[in-house]
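I opened a new notebook page for this structure. These entries record what I looked up, in the order I did it.

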Amino acid sequence: MQRGYQCIVLHAHLPYIRHPEYQSFLEESWLFEAITETYVPLILALERLRDAGVRDCLTLSLSPTLLTMLRDPFLQARYLAHMEKLRRLAAREVQRTRGDAAFAPLAALYRDRLDEAVAVFDERHGRDLVAAFAALQAEGVVELITTAATHGYLPLLKTEVAAVRAQLLVGARAFQSFVGVPAKGTWLPECGYYPGLEGLLEEAGYGYFFVDAHGILNATPRPYYGLSAPLVCPNGVAAFGRDPESSRR
């Protein structure tokens, strides 16, 4: 049996939210929860794989808006203030449930997870998770790509070519300014494609992109291997289709 290749791709994006005019702002909790529950655990998992000698684990798309927020000193400080509140609450829960055999271990688990998230974010990586991901890419553990500047839905913008070009070029330049190297590929916002977009993707410096399954399956000519292989556009930019079964899960 011939061997194939599995391409695991994660797409990380959050809309840009920053409100220093308020003492706290509810939507900022989206970012704080994502750091604690997703980005820090992902970095820890990738670092464990690195230490075990594993390379080429996955591809991770980091949107320009997310990169900007992760690098913002104001939001970094707000995250730590938010975590301090949660850690105080967790400590009180540990005390409250100390005689409860069912809930005491759970309270201690969440306290320890919060402590670990702060230690990884603040002490190990100096509040700079972007640098942590960039280091993992430099070590060959992960490949980082990006998406359009504000995650604008490109098929909806196609009547204004300048807008699509700006979304792609600004996104590419923002990624390079944060990560230090250009992104080789891009995740199309909402995996939305329209014919001719590959020319603007090439102009922005991308060699491949990710599109929804029907963008591959309904291509002309019809793909011989379906979703099991990328399609190469006439200009040489490759299109990878998202697997619907994996996406549903």
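**Entry: salt bridges.** I began with Asp128 and Arg71, whose side chains meet in a salt bridge at 2.8 Å, N to O. I count a salt bridge when a side-chain nitrogen of Lys or Arg is within 4 Å of a carboxyl oxygen of Asp or Glu. This pair links distant parts of the chain, 57 residues apart. Asp128 sits in the loop between helix H4 (104-124) and H5, and Arg71 in the loop between H2 and H3. Helices (H or I, at least four residues) and strands (E, at least two) are DSSP runs, numbered from the N terminus.

The model is predicted: local features need pLDDT of at least 70 and side-chain atom pairs 80 or more, while totals for chains, interfaces and linings use all residues. Residues are numbered from 1 along each chain as its sequence is written, and side-chain values use heavy atoms, with hydrogens and water left out.

I then checked accessibility. Buried means under 20% relative accessible area, exposed over 50%, and partly exposed in between (1.4 Å probe, protein chains only). Asp128 is buried at 17%, and Arg71 is partly exposed at 27%.

Next I looked at Arg50 and Glu139, which form a salt bridge at 3.4 Å, N to O. Arg50 is in helix H1 and Glu139 is in the loop between helix H5 (129-138) and strand S3 (142-145), 89 residues apart. Both count as partly exposed, Arg50 at 23% and Glu139 at 37%.

Arg111 and Asp112 also pair, at 3.1 Å, N to O. Shared partners join Glu84, Arg87, Arg88 and Asp115 into one salt-bridge network. The search of the whole structure finds 16 salt bridges.

**Entry: cavities.** How many cavities of 30 Å³ or more does the structure hold? I found two. My grid has 1 Å spacing over the protein atoms alone; a cavity is a set of points where a 1.4 Å probe fits but cannot get out, and lining residues have an atom within 4 Å of a point. Points are joined across faces, edges and corners, and a volume is the space filled by probe spheres set on them.

The largest cavity holds about 40 Å³. Its lining includes Leu14, Pro15, Trp30 and Met69. Helix H1 (residues 28-51) gives the largest share, three residues. By class I noted six nonpolar, no polar and two charged. Here Ala, Val, Leu, Ile, Met, Phe, Trp, Tyr, Cys and Pro count as nonpolar, Asp, Glu, Lys and Arg as charged, and the others, Gly among them, as polar.

The second largest cavity holds about 30 Å³. Among its lining residues are Leu31, Met69, Tyr79 and Phe121. H3 gives the largest share, three residues.

**Entry: strands.** Two strands pair if DSSP finds at least two bridges between them. Strands S5 (residues 208-211) and S7 (residues 238-241) run parallel, joined by four bridges. S6 (residues 231-232) pairs with S7 in the antiparallel sense over two bridges. Which residues meet Ala239 of S7? Phe209 stands opposite Ala239, and Leu231 has Ala239 as its bridge partner. S6 and S7 form a hairpin with five residues between them. In that turn, Gly236 has a positive phi of about 95 degrees.

**Entry: cysteines.** I looked for disulfides, pairs of cysteine sulfur atoms within 2.5 Å. The count is zero. For Cys7, the nearest cysteine sulfur is that of Cys191, 12 Å away. The sulfur of Cys233 is 15 Å from its closest one, in Cys191, too far for a bond. Cys233 is buried at 12%, whereas Cys7 is partly exposed at 47%.

Notes:
On a 1 Å grid over the protein atoms alone, a cavity is a set of points where a 1.4 Å probe fits but cannot get out, and a pocket is an open set with protein on both sides within 12 Å along at least five of seven lines; lining residues have an atom within 4 Å of a point.
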